[in-house]
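Thanks for coming, everyone. Let me put the structure up, and then we'll walk through a few local features.

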Amino acid sequence: QVIKCKAAVLWEANKPFSIEEVEVAPPKEHEVRIKIMATGICRSDDHVVTGALVMPFPIILGHEAAGVVESVGQGVTSMKPGDKVIPLFVPQCGECKSCLNTKSNMCSKTDLGTSAGLMPDGTSRFTCKGKAIHHFLGTSTFTEYTVVHESSVAKIDSAAPLEKVCLIGCGFSTGYGAALQTAKVEPGSTCAVFGLGGVGLSVVMGCKVAGASRIIAVDINSDKFAKAKELGATDCVNPKDFNKPIHEVLIEMTGQGVDYSFEVIGRTDTMTAALACCQYNYGVSVIVGVPPAAEKITFDPMLLFTGRSWKGSVFGGWKSKDSVPKLVADYMKKKFVLDPLITHTLPFTKINEGFDLLRTGK
């Protein structure tokens, strides 16, 4: 049965979202149709609007969400209608080289980097005004109903509050895992976190859980500092308060630089600053923010020659289908909080206002 519902369609770049009636096709074999109950707004969605992340238009964005299974296609055994689920923008097929390797979490079935904007079989499940609409990262959550492949959805605790745990679909897990999984922050270490949005704050939480003795939060918006301190930051630094490069400030504060640094913005200049501020021999710097398309980094290779490590982290290094239900269980056991990451709750039709709040740093 085709479902007609509301969705926020982006017809072209640098335009507002348009609330449209769309037709959502039934799930095909190994697919699941989900009623989306809550979705977060992430900077990566905005990157598509601005063109920093190249995707085909028209498209239904959104990748951080939680919902309830409405129907399942043939062959789906891992979930049934009524189950609470979180869509996964990094799938876990369980069969590819990446899924079989313990050190990796980037399933080869991911749409990240291919930007096809279609289901694995090369077609779309969305139609609007007679036109096929592209999917985003296999999830497309800015709609009342979406269809995802079975490898791109995790069944979670039926008692979980969907309006909170939707953050485990991207922002929280991405930041928390960058500290715990990718960097493997150690007790007593020093960390610097560049960018204090929802993901950056989740990095701060991860560093704290890992037992870091010093967590230096860096942002050009000082309004973000109170919340960063509440979540575990020991120092807060605004680069605008200094006449010297921020990496020099951090090296002076720590003696030889930090043990671990995290770039959680998606800017090339802060990526090199984060690399430069970590200890020259054993420092580890992790890129968490999505790099802008068509931009290149120029840096002094001596920064790496002396022994620093530069790493990237997608979805916090978690194997998605295995880890998301466990992270939800940890949330239910109060091992971490999500409320401080939620600044506003808006009705779906006010999605453009939500993006305005994101863009103005609110």
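**A walk through the model**

Start in the loop between α1 (43-50) and β4 (59-60), where you will find proline 58. Keep in mind that this is a predicted model. The peptide bond from phenylalanine 57 to proline 58 is cis, and its omega is near -10°. Most peptide bonds are trans, and most residues other than glycine have a negative phi.

Go to the loop between β1 (3-10) and β2 (18-24), and look for asparagine 14. Asparagine 14 is not a glycine, yet its phi is positive, near 55°. Is asparagine 14 buried or exposed? Asparagine 14 is exposed, with a relative accessible area of 56%.

Now lysine 334. This residue sits in the loop between α10 and α11 (351-359). Lysine 334 is no glycine either, and its phi is positive at about 65°. Lysine 334 is exposed, and its relative accessible area is 73%.

Next, a helix. Find α4, residues 171-183. Helix α4 has 13 residues. From first C-alpha to last, α4 reaches 17 Å, close to the expected 18 Å. Where does α4 bend? The bend is at glycine 177, and the angle is about 45°.

How many of the 13 residues of α4 are buried? The count is 11, so α4 is largely enclosed by the rest of the structure. Just after α4 comes lysine 184, with a positive phi of about 55°.

Last topic: cysteines. How many disulfides are there? The count comes to 0. The cut-off to remember is 2.5 Å between two cysteine sulfur atoms. Take cysteine 166. Its closest cysteine sulfur is in cysteine 170, and that is 11 Å away, so the pair is too far apart for a bond. Cysteine 170 is in no disulfide either. The nearest sulfur to that of cysteine 170 belongs to cysteine 42, 4.0 Å away. Both residues are hidden from the surface. Cysteine 166 is buried, at a relative accessible area of 4%, and cysteine 170 is buried too, at 5%.

Methods:
Residues numbered from 1 in each chain as written. Predicted model: local features only at pLDDT ≥ 70, side-chain atom pairs only at ≥ 80, totals over all residues. Heavy atoms only, no water. Helix = DSSP H or I, 4+ residues; strand = E, 2+ residues; numbered from the N terminus. Expected span 1.5 Å × (residues − 1). Bend = angle between axes of the 7 residues up to and from the residue. Buried < 20%, exposed > 50% of the residue type's maximum accessible area, 1.4 Å probe, protein only.
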